[in-house]
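Open your viewer, have the selection tool ready, and follow along one stop at a time.

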Amino acid sequence: PSSHRYAALQQIQRRRPVATTAAAPFDELWASDVFGLQAMKEALPGRIFKSIQRTIREGGKLDLSLANAVADAMKTWATGRGALYYAHVFYPLTNSTAEKHDGFISPKSDGRVITEFTGKLLVQGEPDGSSFPNGGIRSTFEARGYTAWDITSPAYLMQTPNGVTLCIPTVFVSWTGEALDKKTPLLRSNAAMNRQAQRLLRLLGETDIAPVNSSCGAEQEYFLVDNAFVALRPDLLLAGRTLFGAPPAKGQQFDDHYFGAIPERVQVFMQDVEQQLYRLGVPAKTRHNEVAPGQFEIAPYFEAANVATDHQQLTMTVLKSTAKKHGFSCLLHEKPFAGINGSGKHVNWSIGNATQGNLLDPGQTPHDNLQFLLFCAAVIRGVHSYGPLLRSVVATAGNDHRLGANEAPPAIISVYLGSQLEDVFNQIREGNLQSSAKGGVMTLGVDTLPEFTKDPGDRNRTSPFAFTGNRFEFRAVGSNQSVAGPLVAMNTVLADSIGWIADRLQSQLESGTALGEAAFNVLQQVMREHGSVVFGGDGYSSEWHRLAVEERGLENLRTCADALPVLQRQEVRELFERQGVLSAVELESRFEVYAEQYVLAIEVEAKLALQIARTQVYPAAVRYLGELGQALQEQQAMGLHPNLKLRNQLGELLEQLNNGCESLDQSLHAAPHGTEAHMRHCADSLMPLIGDLRVAVDGLEGLVDDDLWPLPSYQEMLFIR
Ligand code: ADP
Ligand code: MG
């Protein structure tokens, strides 16, 4: 290897697992850094605690006198644990987590300094968030945005080597109330879903109905690569993925990594992550190796969608910072290595409440079954009506490499029900399963539905949207994404469909149709109009791609340039407005920001590819060509007959490299005006040109003397840790 790579290898040889603080007993660890209900109960007078509890349960605003009491208790709790600063944490449209830090200290006129934290500072901070992309919202309205505590998500302490900070999860809105973040729409979408679910449950005869909430359990895949290698890869460092790299002799063909023993250094890293997450009250539950070498997964136990989303962001933050401590880089990019499986984030999602339980659970009685079938039908209708929207909320530059690449679900959004449930719905469509009133409730020829356990056939994972027994699993989400966007879309689409079903049920009931029959009619209508979105076969097959588009009329939106403009469609605008989740302006701003993020990501990659090709690969290849030419001449002088094939191949690849750089450079400078045209340019010109350049570079990697090759190889990055 080159001297740099050699030094990196030596550094890695010397690494030892980083000792973490001795594991404390679980009860001591669990949520010890969270100012949650338990901590509030201990710190607040009973009367105040009860109103807080009520506000959390029922939603609504925290009034100032309560806020003052909470703020004071929070400050005492946090400063007692060493916090000098507090931060309003918010979730801008960039998928990242942002923080604005402020000190608790407050100087007095007599020269003393006290710590202070008022209710006003808790419920209303004013971050200098003007550099966050907001798609023009704040320039059209007010210049400033403010953050306010989302009382349903508890405050917590972030421990870093430099100190302790009290973190307060907040919404981020403009003064005129426009959502500038990902949390505000998530809360609104949950409220919309609750409104419609309440309606439907009432029509089904329920009288005692607790607030309905969505739940989420997100499985996070990631890669660990030694930091010493990453430091030598400008592409990994800045773009999060390798733009070049010849395939290793051994890839993932042997399937020997998945569920194999976890390497010691990695295991120590994982334990460190989990301990921190436990302190933060994040219920990390499973860990294992993933399919690709160097790839791993962490999944929590599911929680209310809003809290789960905050916890997911925390998980990503903790993964990245802890990796550094252990000499790793945690790669969350959807496709860090070409030809090797990428990373996704399966979003497990269900809805339910304290009185009726999980509404996507088939249940034990005919009544439960009826309820389940209606909510499940609402999902089917929603996914069919708004499939392109569900595609657009997973559209990121990184995820474009994964979807449809025979390792992740296709870009075509369909629903997998499992064979038993699909059969039930098909029979409803055909009218073979008849409903009958039995003791006032509908039955479907069978008393209770069979238990829809996870279908073994489901392990092939080729469906983007799969029913897995008591929840749906949205598998097209990218590993680097916030889960908020997908959850907003799922909740909103579901709210709309539940509303549609409730409307039809209501009008039939009002005209005297019995509940069982009315429900059956609606189910049948849903299946007749939307059943074509249900697909149980192999989603990777080319046959499905053809069938889905040509016969079922589903859309195949391959890239961000195809998928993001869906956010501008009229039916999508109307959906979000109707459900009160996003105004037209808010939606438009999201399109602008996501489109801009896409363009920026591709342009950074193009510039990096040029830089690496010109300043690292070309010099190495030319140096080798020179050495080779010299050697060939010497061979000739000795009267040998040198083989010139290698030299000629090198020459050709170098020409390809130069031409590739030239074309990419020109294309970079030929970006058209207008958001959509610019996105198209990235997808149709820059991306293929980066790919062309890669062919030349990877070809050279296979020929050039390893002692001269500047970039750590796939083999090194994937197998050495
Ligand atoms: P698999 O890898 O088989 O998909 P995992 O156990 O890795 O399963 O992840 C499943 C995720 O789904 C976990 O986060 C789990 O808590 C979550 N989950 C289970 N039940 C529900 C539910 N009713 N609603 C939402 N998420 C759920
Ligand atoms: Mg899993």
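This tour starts with the whole chain, moves through its core and ligand, and ends at a few single residues.

**The whole chain.** Keep in mind that this is a predicted model. Show the protein chain as a cartoon, and you will find 24 helices and 20 strands. Its radius of gyration is 28 Å, close to the 27 Å that the globule rule gives for 721 residues, so the chain is as compact as a globular protein of that length. Turn the view along the principal axes: the C-alpha atoms fill a box of roughly 105 × 80 × 50 Å. Of the 721 residues, 50% count as buried. Among contacts between residues at least 6 apart in sequence, 77% join residues at least 24 apart.

**Domains.** Now colour by the domain assignment: domain 1 takes 1-24 + 218-354, domain 2 takes 31-181, and domain 3 takes 597-719. Draw a line between the centres of domain 2 and domain 3, taken over C-alpha atoms, and you get 50 Å.

**The core.** Next, select Leu374, Leu487, Leu523, Leu564, Tyr598 and Ala609, the residues with the most contacts inside the largest nonpolar core, which has 205 residues. Which helix gives the most to this core? Select helix H21 (residues 584-637), which contributes 16 residues. Then centre on Ala609: leaving aside neighbours within four places in sequence, Ala609 is in contact with Leu243, Leu664, Ile690 and Leu693.

**The ligand.** Move on to ligand 1 and display the 16 residues around it; Gly217, Phe302, Asn348, Ser350 and Arg471 come nearest. Colour this shell by residue class and it divides into 6 nonpolar, 8 polar and 2 charged. Strand S9 (213-226), strand S11 (295-300) and strand S14 (345-353) each supply at least two residues of the shell.

Select Leu582, in the loop between helix H20 (570-578) and H21. Is Leu582 buried or exposed? Leu582 counts as buried, with 25 C-beta neighbours inside 10 Å. Not counting residues up to four places away in sequence, Leu582 touches Pro185, Phe576 and Leu587. Then select helix H18 (residues 542-551): of its 10 residues, the number buried is 1, so H18 lies largely in the open. Just after H18, Gly553 takes a positive phi of about 70 degrees.

**Ala39.** Go to helix H3 (residues 37-43), where you will find Ala39. Ala39 is partly exposed, with 18 other C-beta atoms within 10 Å. Beyond residues up to four places away in sequence, Ala39 touches Val34 and Trp77.

**Two phi angles to check.** Most residues other than glycine have a negative phi. Select Ala31, in the loop between helix H2 (26-29) and strand S1 (34-35); Ala31 has a positive phi of about 55 degrees although it is not a glycine. Ala31 is partly exposed, with 19 other C-beta atoms within 10 Å. Finish at Asn95, in the loop between strand S2 (83-90) and strand S3 (98-103). Phi of Asn95 is near 75 degrees, a positive value in a residue other than glycine, and Asn95 is buried, with 20 other C-beta atoms within 10 Å.

Terms used:
Residues are numbered from 1 along each chain as its sequence is written. Chains are lettered from A and ligands numbered from 1 in the order in which they are written. This is a predicted model: local features need pLDDT of at least 70, side-chain atom pairs count only at pLDDT 80 or more; totals for chains, interfaces and linings use all residues. A residue is near a molecule or strand if its C-beta atom, placed from the backbone, lies within 6 Å of it. Helices (H or I, at least four residues) and strands (E, at least two) are DSSP runs, numbered from the N terminus. Ala, Val, Leu, Ile, Met, Phe, Trp, Tyr, Cys and Pro count as nonpolar, Asp, Glu, Lys and Arg as charged, and the others, Gly among them, as polar. The radius of gyration is taken over C-alpha atoms; the globule rule is 2.2 Å times the number of residues to the power 0.38. A residue is buried if 20 or more other C-beta atoms lie within 10 Å of its own, exposed if 12 or fewer, and partly exposed in between; C-beta atoms are placed from the backbone. Two residues are in contact if their C-beta atoms, placed from the backbone, lie within 7 Å. A nonpolar core is a set of buried Ala, Val, Leu, Ile, Met, Phe, Trp, Tyr and Cys residues joined through C-beta atoms within 7 Å. Domain bounds come from an automatic or database domain assignment.
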